[in-house]
Amino acid sequence: MAVYQEEIEVVSNGNRVSYHEVTKEVREAVVKSKIQNGIVVITTPHTTCSVIYEEYSHDRDFCGDEYLQVDLNETLEKILPRCVTEGQYHHPGPEHVAFGEKDCDAALVPDRRSLLNTEAHLKGSLLGESVTCAVKEGGIQINQVTGYFYFVDWDQNRPRTRKCNIVVMGE
């Protein structure tokens, strides 16, 4: 069995949930891998991010977000509203805040406000950090017209450079 790995970077918006369509990069990685039959896994190491497979929605709002993304955001906001104040959720507790201020570098925790991202962690947990798809005869087995992969950064507190990993395994 062969394994091919590739990492891409995306920059999150920082003002709202960020969606990055990465289907082209996944297709290119599968071609570069030369793997004909197996699987491709698209994943993120970030606890406030997800990778999802969704239909492309042609309509967009004034921010450029596809309507399905807007619908997903609005649905999740009803369940997990944005964390805007200390005590809204149990997390971050005093020990986590102390850890963030003492043990993390400024790029990770630039200020206390940046720790108020509990809903982003919960959304990441709920939707998951990866998508796995079959590779058959050198191509990914998704709807070729409307199926797309999206990297989602749920953290709205600041823009950041995020990593998305693509792993192709098979023969």
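The legends below describe close-up views of a predicted model.

**Figure 1. Overview of the protein and its elements.** The predicted model contains four helices and eight strands. Read from the N terminus, the order of these elements is β-β-α-β-β-α-α-α-β-β-β-β. Along the principal axes, the C-alpha atoms fill a box of roughly 50 × 40 × 20 Å. The protein has 171 residues, and 44% of them count as buried. Among contacts with a separation of 6 or more, 83% are between residues 24 or more positions apart.

**Figure 2. The largest nonpolar core.** This core has 21 residues. The members that touch the most other members are Val 26, Val 40, Ile 140, Phe 149, Phe 151, Ile 166 and Val 168. At least two residues of the core come from each of these elements: strand S1 (2-11), helix H1 (23-33), strand S3 (38-43), strand S4 (49-55), strand S5 (130-136), S7 and S8. A second, separate core has eight residues, including Tyr 19, Ile 52, Leu 76 and Val 152. In soluble globular proteins, nonpolar side chains tend to be buried together.

**Figure 3. The surroundings of Ile 140.** Ile 140 is one of the residues of the largest nonpolar core that touch the most other members. With neighbours within four places in sequence left aside, Ile 140 is in contact with Val 26, Arg 27, Val 30, Val 40, Cys 133, Ala 134, Val 135 and Phe 149. Of these contacts, Val 26, Val 40 and Phe 149 are also named among the core residues that touch the most other members.

**Figure 4. Arg 160 in a loop.** Arg 160 sits between strand S7 (147-153) and strand S8 (161-170), in the loop that joins them. Is Arg 160 buried or exposed? The relative accessible area of Arg 160 is 14%, which is under the 20% limit, so this residue counts as buried. Its side chain makes a polar contact with the side chain of Asp 155, at 2.5 Å. Beyond neighbours within four places in sequence, the contacts of Arg 160 are Val 10, Val 11, Ser 12, Thr 48, Leu 108 and Asp 155.

**Figure 5. His 46 between S3 and S4.** His 46 is placed in the loop between S3 and S4. Which backbone atom does the side chain of His 46 reach? The atom is the backbone nitrogen of Lys 163, at 2.9 Å. Apart from neighbours within four places in sequence, His 46 is in contact with Phe 151, Arg 162 and Lys 163. Phe 151 is also a member of the largest nonpolar core.

**Figure 6. The crossing of H2 and H4.** The axes of helix H2 (residues 67-79) and helix H4 (residues 118-127) come within 11 Å and cross at roughly 115°. Because of this angle, H2 is roughly perpendicular to H4. The crossing is right-handed. On the H2 side, the contact is made by Leu 72, Leu 76 and Glu 77. On the H4 side, it is made by Lys 123, Leu 126 and Leu 127. Leu 76 also belongs to the second core.

Figure 7. Glu 74 is found in helix H2. With a relative accessibility of 48%, Glu 74 counts as partly exposed. From C-alpha to C-alpha, Glu 74 and Met 1 are 42 Å apart, and in sequence they are 73 residues apart. Ala 98 lies in helix H3 (residues 94-103) and, at 41% relative accessibility, also counts as partly exposed. The C-alpha atoms of Ala 98 and Cys 63 are separated by 36 Å, and these residues are 35 residues apart along the chain.

Definitions and conventions
Residues are numbered from 1 along each chain as its sequence is written. This is a predicted model: local features need pLDDT of at least 70, side-chain atom pairs count only at pLDDT 80 or more; totals for chains, interfaces and linings use all residues. Side-chain values use heavy atoms; hydrogens and water are left out. Buried means under 20% relative accessible area, exposed over 50%, partly exposed in between (1.4 Å probe, protein chains only). A polar contact is a pair of N or O atoms within 3.5 Å; within protein, one must be able to donate a hydrogen and the other to accept it, and residues adjacent in sequence count only if both atoms are side-chain atoms. Contact means heavy atoms within 4.5 Å. A nonpolar core is a set of buried Ala, Val, Leu, Ile, Met, Phe, Trp, Tyr and Cys residues joined through side-chain atoms within 4.5 Å. Axes are lines fitted to C-alpha atoms, for helices over the stretch in contact, and angles run from 0 to 180 degrees between N-to-C directions. Angles under 35 degrees count as roughly parallel, over 145 as roughly antiparallel, 65 to 115 as roughly perpendicular and the rest as oblique. A crossing is left-handed if the near helix is turned anticlockwise from the far one by less than a right angle, and right-handed if clockwise.
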